[in-house]
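Reader: I would like to work through this model feature by feature. Please give me the general idea each time, then the case at hand.

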Amino acid sequence: MINKVILIGNVGAEPEVRALETGVKMARLRIATTERIYNASTGEKREHTEWHTVVLWRGQADFAEKYIHKGSQVYVEGKIRSREWTEEATGNKRYAIEILADEIRLLGGQRRNEGHYGDQRPQPQTLAAAQPAQQGTQAGAAPQLPKDADDLPF
């Protein structure tokens, strides 16, 4: 069975980053994806925006804290996870559906008018959950990735 999600979208708020009691860091991102729908018979154009909560752990959380900001365009691969809990104060059941990221890439479509990106800021491109060592690259060197979403292999 397969549980795989691929998203390309824009970050809607600064990442929420925190360290757990064990010292493990986690980050939560809110990512918007927008579908543009055209009805040929009526000529009507409309958009539907879906908001996704993406959870990042350890090194990915560090990556998000340093380089991902509101307005960043990101590519995310991961899996859907649902959680359920009961609020102690009210006893109400709560539910959440999140994307647990296996890989995240910072794409080049940042909104420059947000003021978060200057020309001097380094732009690392990717951080996978478990990135195998690549042959022919120096340790710590970032792999070459597509310059924009049009260069993605799908």
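**Reading the features**

Author: Helices (H or I, at least four residues) and strands (E, at least two) are DSSP runs, numbered from the N terminus. A word on the source: this is a predicted model, where local features need pLDDT of at least 70, side-chain atom pairs count only at pLDDT 80 or more, and totals for chains, interfaces and linings use all residues. Residues are numbered from 1 along each chain as its sequence is written, and side-chain values use heavy atoms, with hydrogens and water left out.

Reader: How many helices and strands does the protein have, and in what order do the elements run?

Author: The protein has one helix and seven strands. From the N terminus, the order is β-β-β-β-α-β-β-β.

Reader: How many aromatic pairs are there?

Author: Rings of Phe, Tyr and Trp (its six-membered ring) pair if their centres lie within 6.5 Å; planes under 30 degrees apart count as stacked, over 60 as edge-to-face and the rest as tilted. The count here comes to one aromatic pair. The ring centres of Phe-63 and Tyr-67 are 5.7 Å apart and their planes meet at 50°, so this pair is tilted.

Reader: Is Phe-63 buried or exposed?

Author: Buried means under 20% relative accessible area, exposed over 50%, partly exposed in between (1.4 Å probe, protein chains only). Phe-63 is buried, because its relative accessible area is 6%. Tyr-67 has 22%, so Tyr-67 is partly exposed. Buried residues make up 30% of the 154 residues in the protein.

Reader: Where does Ser-72 lie?

Author: Ser-72 lies in the loop between helix H1 (59-67) and strand E5 (73-86). Its relative accessible area is 0%, so Ser-72 is buried. The side chain of Ser-72 reaches the backbone oxygen of His-69 at 2.9 Å.

Definitions and conventions
Polar contact = N/O pair within 3.5 Å; in protein donor to acceptor, adjacent residues only side chain to side chain.
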